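Biologist: Before we go through this protein together, could you show me what we are looking at?

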Amino acid sequence: MTGEAGDAPAPEAFASVFSTYEVHEREDGGAVYYGEPLVDERELYRAVAPLFDDAGYDVQLNYRTGEFVLVAEPQAEATEGFPWTNVALALATIVSTLYAGSMWYYVSDPLSADILRAVPFTLAVMGVLGIHEFGHYAASKYHDVDATLPYFIPVPTLIGTMGAVIRMRGRIPSRRALFDIGVAGPLAGLAATILTAAVGLLLGPITVPQALLDAAASGNAVNIEFHYPLLMHGIAWALGEPLAYPNDPTKAVNPVVIGAWVGMFVTLLNLIPVGQLDGGHVLSAMLGDAHARVAGLVPAALFALAGYLYAFTDAGQAAFVWVLWGVIGLFMAWRGSVPTMDDQPLDRRRFAVGVLTFVLGALCFVPVPIQITPL
(Lines give C-alpha, C1' and ligand atoms only; values in the text may rest on other atoms or scores of the structure.)
Protein backbone atom coordinates (compact mmCIF):
# COMPACT_ATOMS: atom_id res chain seq x y z
CA MET A 1 0.00 0.00 0.00
CA THR A 2 1.31 3.45 -0.87
CA GLY A 3 0.30 6.98 -0.06
CA GLU A 4 -1.48 8.54 2.88
CA ALA A 5 -5.10 9.54 3.32
CA GLY A 6 -4.55 12.69 5.36
CA ASP A 7 -7.42 13.14 7.81
CA ALA A 8 -9.66 10.67 5.96
CA PRO A 9 -10.30 7.27 7.59
CA ALA A 10 -7.49 4.74 7.38
CA PRO A 11 -8.12 1.72 5.11
CA GLU A 12 -8.02 -0.55 8.15
CA ALA A 13 -11.20 1.08 9.44
CA PHE A 14 -13.27 -0.48 6.63
CA ALA A 15 -11.08 -3.44 5.65
CA SER A 16 -13.97 -5.86 6.22
CA VAL A 17 -15.91 -4.40 3.28
CA PHE A 18 -13.20 -2.97 0.99
CA SER A 19 -9.74 -4.40 0.44
CA THR A 20 -7.43 -1.43 -0.22
CA TYR A 21 -4.06 -1.84 -1.94
CA GLU A 22 -3.21 1.80 -2.66
CA VAL A 23 -4.21 5.26 -1.41
CA HIS A 24 -3.60 8.59 -3.15
CA GLU A 25 -4.08 11.93 -1.44
CA ARG A 26 -5.71 14.62 -3.59
CA GLU A 27 -4.73 18.26 -3.73
CA ASP A 28 -8.14 19.32 -2.42
CA GLY A 29 -7.58 17.32 0.78
CA GLY A 30 -9.55 14.30 -0.42
CA ALA A 31 -8.32 10.78 -0.96
CA VAL A 32 -8.70 7.96 -3.48
CA TYR A 33 -8.61 4.37 -2.23
CA TYR A 34 -7.84 1.73 -4.86
CA GLY A 35 -9.02 -1.77 -4.08
CA GLU A 36 -11.78 -4.37 -4.33
CA PRO A 37 -15.25 -4.30 -2.75
CA LEU A 38 -15.87 -7.34 -0.54
CA VAL A 39 -19.65 -6.77 -0.37
CA ASP A 40 -22.31 -5.29 -2.65
CA GLU A 41 -22.42 -1.52 -3.17
CA ARG A 42 -25.35 -0.86 -0.82
CA GLU A 43 -23.75 -2.76 2.07
CA LEU A 44 -20.38 -1.15 1.35
CA TYR A 45 -21.89 2.31 1.42
CA ARG A 46 -23.71 1.63 4.68
CA ALA A 47 -20.42 0.57 6.25
CA VAL A 48 -18.12 3.33 5.02
CA ALA A 49 -20.42 6.37 4.81
CA PRO A 50 -20.69 6.95 8.58
CA LEU A 51 -16.90 6.66 8.94
CA PHE A 52 -16.21 9.25 6.27
CA ASP A 53 -19.10 11.47 7.33
CA ASP A 54 -17.76 11.66 10.88
CA ALA A 55 -14.35 12.62 9.46
CA GLY A 56 -15.92 15.36 7.31
CA TYR A 57 -15.87 13.62 3.93
CA ASP A 58 -18.35 12.54 1.28
CA VAL A 59 -17.50 9.17 -0.25
CA GLN A 60 -18.47 7.50 -3.53
CA LEU A 61 -17.61 4.15 -5.11
CA ASN A 62 -16.43 4.52 -8.73
CA TYR A 63 -14.93 2.28 -11.39
CA ARG A 64 -11.97 3.77 -13.23
CA THR A 65 -9.95 2.15 -16.01
CA GLY A 66 -10.56 -1.34 -14.71
CA GLU A 67 -10.18 -0.55 -11.01
CA PHE A 68 -12.63 0.08 -8.19
CA VAL A 69 -11.95 3.22 -6.19
CA LEU A 70 -13.47 4.88 -3.16
CA VAL A 71 -13.29 8.63 -3.70
CA ALA A 72 -13.41 10.75 -0.55
CA GLU A 73 -14.07 14.48 -0.97
CA PRO A 74 -14.05 17.04 1.85
CA GLN A 75 -17.60 18.07 2.63
CA ALA A 76 -18.37 21.58 1.47
CA GLU A 77 -18.95 23.85 4.43
CA ALA A 78 -22.20 25.73 4.46
CA THR A 79 -21.72 29.35 3.58
CA GLU A 80 -23.92 32.37 3.95
CA GLY A 81 -22.54 33.92 0.79
CA PHE A 82 -24.70 35.10 -2.04
CA PRO A 83 -25.40 32.34 -4.65
CA TRP A 84 -23.86 34.26 -7.52
CA THR A 85 -23.63 31.29 -9.90
CA ASN A 86 -27.28 30.36 -9.43
CA VAL A 87 -28.39 33.94 -9.99
CA ALA A 88 -26.16 34.43 -13.03
CA LEU A 89 -27.47 31.27 -14.68
CA ALA A 90 -31.06 32.23 -13.86
CA LEU A 91 -30.56 35.67 -15.43
CA ALA A 92 -28.96 34.11 -18.50
CA THR A 93 -31.90 31.72 -18.79
CA ILE A 94 -34.33 34.62 -18.54
CA VAL A 95 -32.57 36.18 -21.52
CA SER A 96 -32.45 32.94 -23.52
CA THR A 97 -36.12 32.10 -22.88
CA LEU A 98 -37.16 35.65 -23.73
CA TYR A 99 -35.29 35.33 -27.01
CA ALA A 100 -36.83 31.92 -27.73
CA GLY A 101 -40.27 33.15 -26.69
CA SER A 102 -40.04 36.12 -29.02
CA MET A 103 -40.34 33.67 -31.89
CA TRP A 104 -43.62 32.29 -30.51
CA TYR A 105 -44.98 35.83 -30.12
CA TYR A 106 -43.84 36.68 -33.66
CA VAL A 107 -41.59 39.52 -32.53
CA SER A 108 -39.88 40.86 -35.65
CA ASP A 109 -36.93 42.40 -33.80
CA PRO A 110 -35.99 40.38 -30.69
CA LEU A 111 -33.24 42.89 -29.87
CA SER A 112 -35.82 45.61 -29.31
CA ALA A 113 -38.11 46.31 -26.38
CA ASP A 114 -40.73 44.20 -28.16
CA ILE A 115 -38.97 41.14 -26.74
CA LEU A 116 -40.77 41.87 -23.45
CA ARG A 117 -43.93 40.53 -25.07
CA ALA A 118 -42.39 37.12 -24.41
CA VAL A 119 -42.34 37.62 -20.62
CA PRO A 120 -45.37 35.30 -20.10
CA PHE A 121 -43.54 32.52 -21.94
CA THR A 122 -40.43 33.04 -19.81
CA LEU A 123 -42.49 33.00 -16.61
CA ALA A 124 -44.21 29.81 -17.74
CA VAL A 125 -41.01 27.92 -18.60
CA MET A 126 -38.92 29.08 -15.65
CA GLY A 127 -41.88 28.71 -13.32
CA VAL A 128 -42.53 25.04 -14.07
CA LEU A 129 -38.81 24.19 -14.09
CA GLY A 130 -38.05 26.17 -10.95
CA ILE A 131 -40.95 24.73 -8.95
CA HIS A 132 -39.88 21.23 -10.02
CA GLU A 133 -36.37 21.78 -8.67
CA PHE A 134 -37.52 23.55 -5.52
CA GLY A 135 -39.68 20.49 -4.84
CA HIS A 136 -36.47 18.44 -4.72
CA TYR A 137 -34.74 21.13 -2.69
CA ALA A 138 -37.49 21.31 -0.05
CA ALA A 139 -37.62 17.52 0.32
CA SER A 140 -33.82 17.37 0.61
CA LYS A 141 -33.83 19.93 3.39
CA TYR A 142 -36.68 18.11 5.15
CA HIS A 143 -34.58 14.93 5.26
CA ASP A 144 -31.40 16.82 6.17
CA VAL A 145 -29.68 16.01 2.86
CA ASP A 146 -27.31 18.70 1.63
CA ALA A 147 -28.57 20.22 -1.63
CA THR A 148 -27.79 23.28 -3.70
CA LEU A 149 -30.24 25.85 -5.00
CA PRO A 150 -31.38 25.21 -8.60
CA TYR A 151 -29.00 25.83 -11.47
CA PHE A 152 -30.87 26.86 -14.63
CA ILE A 153 -29.28 25.87 -17.95
CA PRO A 154 -29.58 28.52 -20.70
CA VAL A 155 -29.31 27.11 -24.22
CA PRO A 156 -30.32 28.74 -27.54
CA THR A 157 -33.03 26.20 -28.43
CA LEU A 158 -36.70 26.50 -29.41
CA ILE A 159 -37.51 26.86 -25.70
CA GLY A 160 -34.35 28.67 -24.58
CA THR A 161 -33.20 26.21 -21.92
CA MET A 162 -32.17 22.64 -21.21
CA GLY A 163 -33.92 22.67 -17.84
CA ALA A 164 -32.60 23.11 -14.33
CA VAL A 165 -30.83 20.91 -11.80
CA ILE A 166 -29.89 20.80 -8.17
CA ARG A 167 -26.93 18.94 -6.75
CA MET A 168 -27.25 16.69 -3.72
CA ARG A 169 -24.21 15.86 -1.64
CA GLY A 170 -23.68 13.33 1.09
CA ARG A 171 -25.57 10.21 2.02
CA ILE A 172 -29.27 9.49 1.63
CA PRO A 173 -30.52 8.23 5.01
CA SER A 174 -33.30 5.89 3.85
CA ARG A 175 -35.41 4.63 0.96
CA ARG A 176 -38.19 6.83 2.33
CA ALA A 177 -35.96 9.91 2.03
CA LEU A 178 -34.84 8.88 -1.47
CA PHE A 179 -38.48 8.46 -2.48
CA ASP A 180 -39.60 11.79 -1.04
CA ILE A 181 -36.75 13.67 -2.70
CA GLY A 182 -37.25 11.91 -6.04
CA VAL A 183 -41.03 12.28 -6.18
CA ALA A 184 -41.28 15.84 -4.85
CA GLY A 185 -39.87 17.45 -8.00
CA PRO A 186 -42.17 15.81 -10.57
CA LEU A 187 -45.30 16.26 -8.45
CA ALA A 188 -44.55 19.91 -7.67
CA GLY A 189 -43.61 20.56 -11.29
CA LEU A 190 -46.74 18.85 -12.58
CA ALA A 191 -48.97 20.91 -10.31
CA ALA A 192 -47.34 24.07 -11.69
CA THR A 193 -47.58 22.69 -15.23
CA ILE A 194 -51.31 21.95 -14.99
CA LEU A 195 -51.96 25.46 -13.66
CA THR A 196 -49.79 26.96 -16.41
CA ALA A 197 -51.62 24.98 -19.09
CA ALA A 198 -54.98 26.16 -17.80
CA VAL A 199 -53.84 29.79 -17.75
CA GLY A 200 -52.41 29.53 -21.28
CA LEU A 201 -55.59 27.99 -22.67
CA LEU A 202 -57.81 30.57 -20.98
CA LEU A 203 -55.65 33.43 -22.28
CA GLY A 204 -56.73 32.43 -25.77
CA PRO A 205 -54.83 32.44 -29.07
CA ILE A 206 -52.50 35.04 -30.48
CA THR A 207 -52.62 36.50 -33.98
CA VAL A 208 -50.23 35.30 -36.69
CA PRO A 209 -48.72 38.25 -38.65
CA GLN A 210 -49.78 38.62 -42.26
CA ALA A 211 -46.15 38.56 -43.39
CA LEU A 212 -45.74 35.05 -42.01
CA LEU A 213 -48.99 33.94 -43.63
CA ASP A 214 -47.73 35.26 -46.97
CA ALA A 215 -44.41 33.44 -46.52
CA ALA A 216 -46.26 30.22 -45.74
CA ALA A 217 -48.45 30.63 -48.81
CA SER A 218 -45.35 31.01 -51.01
CA GLY A 219 -43.65 27.98 -49.45
CA ASN A 220 -40.92 30.02 -47.74
CA ALA A 221 -41.64 28.92 -44.18
CA VAL A 222 -41.58 25.84 -41.98
CA ASN A 223 -44.18 24.54 -39.59
CA ILE A 224 -43.07 23.78 -36.02
CA GLU A 225 -45.70 21.58 -34.45
CA PHE A 226 -45.79 20.62 -30.79
CA HIS A 227 -47.60 17.33 -30.26
CA TYR A 228 -49.49 17.40 -26.99
CA PRO A 229 -49.73 14.46 -24.56
CA LEU A 230 -52.93 13.06 -23.08
CA LEU A 231 -52.62 15.24 -19.98
CA MET A 232 -52.67 18.42 -22.07
CA HIS A 233 -55.61 17.17 -24.12
CA GLY A 234 -57.44 16.39 -20.88
CA ILE A 235 -56.93 19.90 -19.54
CA ALA A 236 -58.08 21.43 -22.82
CA TRP A 237 -61.16 19.19 -22.85
CA ALA A 238 -62.02 20.10 -19.25
CA LEU A 239 -61.80 23.82 -20.06
CA GLY A 240 -63.48 23.54 -23.45
CA GLU A 241 -60.54 25.27 -25.16
CA PRO A 242 -58.79 24.20 -28.39
CA LEU A 243 -55.10 23.32 -28.67
CA ALA A 244 -54.92 24.20 -32.37
CA TYR A 245 -56.76 26.25 -34.99
CA PRO A 246 -56.52 24.20 -38.20
CA ASN A 247 -59.39 26.11 -39.85
CA ASP A 248 -58.05 29.54 -39.00
CA PRO A 249 -54.40 30.12 -39.96
CA THR A 250 -54.51 33.62 -38.46
CA LYS A 251 -54.58 32.13 -34.95
CA ALA A 252 -51.89 30.28 -32.98
CA VAL A 253 -51.99 28.74 -29.53
CA ASN A 254 -50.88 31.03 -26.73
CA PRO A 255 -47.14 30.55 -26.03
CA VAL A 256 -47.91 30.00 -22.34
CA VAL A 257 -49.35 26.65 -23.44
CA ILE A 258 -45.96 25.85 -24.99
CA GLY A 259 -44.42 26.62 -21.60
CA ALA A 260 -46.76 24.03 -20.08
CA TRP A 261 -45.73 21.57 -22.82
CA VAL A 262 -42.14 22.08 -21.67
CA GLY A 263 -43.17 21.18 -18.12
CA MET A 264 -44.86 17.98 -19.25
CA PHE A 265 -41.95 16.92 -21.47
CA VAL A 266 -39.41 17.60 -18.71
CA THR A 267 -41.55 15.62 -16.26
CA LEU A 268 -41.67 12.68 -18.68
CA LEU A 269 -37.91 12.66 -19.21
CA ASN A 270 -37.17 12.98 -15.50
CA LEU A 271 -39.50 10.07 -14.69
CA ILE A 272 -37.68 7.64 -16.98
CA PRO A 273 -37.08 4.90 -14.37
CA VAL A 274 -33.35 4.44 -14.58
CA GLY A 275 -30.24 5.43 -12.65
CA GLN A 276 -30.19 8.77 -10.90
CA LEU A 277 -33.05 10.38 -12.79
CA ASP A 278 -36.10 11.18 -10.67
CA GLY A 279 -37.81 8.05 -11.95
CA GLY A 280 -34.76 5.99 -11.03
CA HIS A 281 -34.82 7.36 -7.48
CA VAL A 282 -38.53 6.62 -7.13
CA LEU A 283 -38.28 3.12 -8.59
CA SER A 284 -35.22 2.27 -6.48
CA ALA A 285 -37.04 3.41 -3.34
CA MET A 286 -40.13 1.39 -4.29
CA LEU A 287 -38.43 -1.87 -5.33
CA GLY A 288 -35.03 -1.82 -3.63
CA ASP A 289 -32.37 -3.87 -5.40
CA ALA A 290 -35.02 -5.40 -7.69
CA HIS A 291 -35.34 -2.08 -9.51
CA ALA A 292 -32.18 -2.89 -11.51
CA ARG A 293 -34.05 -5.54 -13.51
CA VAL A 294 -36.57 -2.93 -14.64
CA ALA A 295 -33.99 -0.21 -15.23
CA GLY A 296 -32.01 -2.52 -17.49
CA LEU A 297 -34.93 -2.73 -19.91
CA VAL A 298 -35.36 1.03 -20.25
CA PRO A 299 -32.58 1.76 -22.81
CA ALA A 300 -33.76 -1.13 -24.99
CA ALA A 301 -37.32 0.23 -24.95
CA LEU A 302 -36.12 3.71 -25.93
CA PHE A 303 -33.98 2.36 -28.79
CA ALA A 304 -36.91 0.23 -29.96
CA LEU A 305 -39.18 3.29 -30.00
CA ALA A 306 -36.57 5.22 -32.00
CA GLY A 307 -36.22 2.37 -34.48
CA TYR A 308 -39.98 2.13 -34.97
CA LEU A 309 -40.34 5.87 -35.60
CA TYR A 310 -37.45 5.89 -38.06
CA ALA A 311 -38.49 2.78 -40.00
CA PHE A 312 -42.26 2.90 -40.01
CA THR A 313 -43.38 6.53 -39.70
CA ASP A 314 -42.76 9.88 -41.36
CA ALA A 315 -41.52 11.30 -38.03
CA GLY A 316 -37.98 9.97 -38.29
CA GLN A 317 -36.52 13.18 -36.85
CA ALA A 318 -38.13 12.33 -33.50
CA ALA A 319 -36.07 9.11 -33.42
CA PHE A 320 -33.00 11.19 -32.52
CA VAL A 321 -34.62 12.27 -29.24
CA TRP A 322 -35.16 8.69 -28.10
CA VAL A 323 -31.75 7.52 -29.34
CA LEU A 324 -30.19 10.29 -27.26
CA TRP A 325 -32.19 9.29 -24.18
CA GLY A 326 -31.44 5.63 -24.84
CA VAL A 327 -27.73 6.46 -24.63
CA ILE A 328 -28.34 8.51 -21.49
CA GLY A 329 -30.35 5.58 -20.10
CA LEU A 330 -27.45 3.19 -20.76
CA PHE A 331 -25.08 5.51 -18.91
CA MET A 332 -27.52 5.92 -16.03
CA ALA A 333 -28.10 2.17 -15.77
CA TRP A 334 -24.34 1.63 -15.69
CA ARG A 335 -23.91 4.19 -12.90
CA GLY A 336 -26.72 2.64 -10.90
CA SER A 337 -29.00 4.16 -8.31
CA VAL A 338 -28.16 6.14 -5.20
CA PRO A 339 -27.51 3.81 -2.26
CA THR A 340 -29.29 4.50 1.02
CA MET A 341 -28.28 3.92 4.59
CA ASP A 342 -31.55 2.29 5.64
CA ASP A 343 -33.10 -0.31 3.33
CA GLN A 344 -36.50 -0.52 5.02
CA PRO A 345 -39.31 -0.86 2.42
CA LEU A 346 -41.71 1.99 1.77
CA ASP A 347 -45.07 2.17 3.47
CA ARG A 348 -48.17 1.51 1.38
CA ARG A 349 -49.09 5.17 1.12
CA ARG A 350 -45.76 6.13 -0.42
CA PHE A 351 -45.85 3.10 -2.71
CA ALA A 352 -49.27 4.19 -3.97
CA VAL A 353 -48.00 7.73 -4.52
CA GLY A 354 -45.12 6.27 -6.52
CA VAL A 355 -47.49 4.33 -8.78
CA LEU A 356 -49.62 7.46 -9.25
CA THR A 357 -46.53 9.48 -10.14
CA PHE A 358 -45.54 7.05 -12.88
CA VAL A 359 -49.12 7.07 -14.20
CA LEU A 360 -49.03 10.87 -14.38
CA GLY A 361 -45.67 10.65 -16.11
CA ALA A 362 -47.16 8.27 -18.69
CA LEU A 363 -49.90 10.83 -19.36
CA CYS A 364 -47.10 13.24 -20.35
CA PHE A 365 -45.74 10.85 -22.98
CA VAL A 366 -46.06 11.46 -26.68
CA PRO A 367 -43.96 9.44 -29.16
CA VAL A 368 -43.27 12.44 -31.41
CA PRO A 369 -42.88 15.46 -29.10
CA ILE A 370 -42.15 18.03 -31.80
CA GLN A 371 -42.09 17.96 -35.59
CA ILE A 372 -40.68 20.45 -38.08
CA THR A 373 -42.09 20.25 -41.61
CA PRO A 374 -42.01 22.54 -44.65
CA LEU A 375 -45.19 24.46 -45.44
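Modeller: Let us begin with residues 119–137, where the chain is 100% helix and 0% strand, with the end C-alpha atoms 26 Å apart; helices here are DSSP runs of H or I with at least four residues, strands are runs of E with at least two, and both are numbered from the N terminus. This is a predicted model, in which local features need pLDDT of at least 70, side-chain atom pairs count only at pLDDT 80 or more, and totals for chains, interfaces and linings use all residues. Residues are numbered from 1 along each chain as its sequence is written, and side-chain values use heavy atoms, with hydrogens and water left out.

Biologist: Over residues 149–166, how far apart are the end C-alpha atoms?

Modeller: The unreviewed UniProt entry lists 149–166 under "transmembrane region", as it does 119–137, although such annotations may be inferred rather than shown by experiment. In the model, the chain over residues 149–166 is 0% helix and 50% strand, and its end C-alpha atoms are apart by 6 Å.

Biologist: Is H281 buried or exposed?

Modeller: H281 belongs to helix α8, which spans residues 278–287 and has nine of its 10 residues buried. Buried means under 20% relative accessible area, exposed over 50%, and partly exposed in between, using a 1.4 Å probe and protein chains only. Because its relative accessibility is 5%, H281 counts as buried.

Biologist: Which residues is H281 in contact with, leaving aside its neighbours within four places in sequence?

Modeller: Contact here means heavy atoms within 4.5 Å. With those sequence neighbours set aside, the partners of H281 are M168, L178, G182, G275, Q276 and V338.

Biologist: Which residue follows α8, and what is its phi?

Modeller: The buried residues of α8 include D278, L283 and M286. After the helix comes a residue with a positive phi, near 65°, and that residue is G288.

Biologist: In β4, which residue is the bridge partner of V32?

Modeller: Strand β2 covers residues 31–37, and five of its seven residues are buried. It pairs with β1 (residues 18–25) in the antiparallel sense over seven bridges, where two strands pair if DSSP finds at least two bridges between them. Strand β2 is also joined by five bridges to β4 (residues 67–74), again running antiparallel. Within β4, the bridge partner of V32 is V71.

Biologist: Which residue in the turn between β1 and β2 has a positive phi?

Modeller: The two strands form a hairpin, with five residues between them. In that turn, a positive phi of about 95° belongs to G29.
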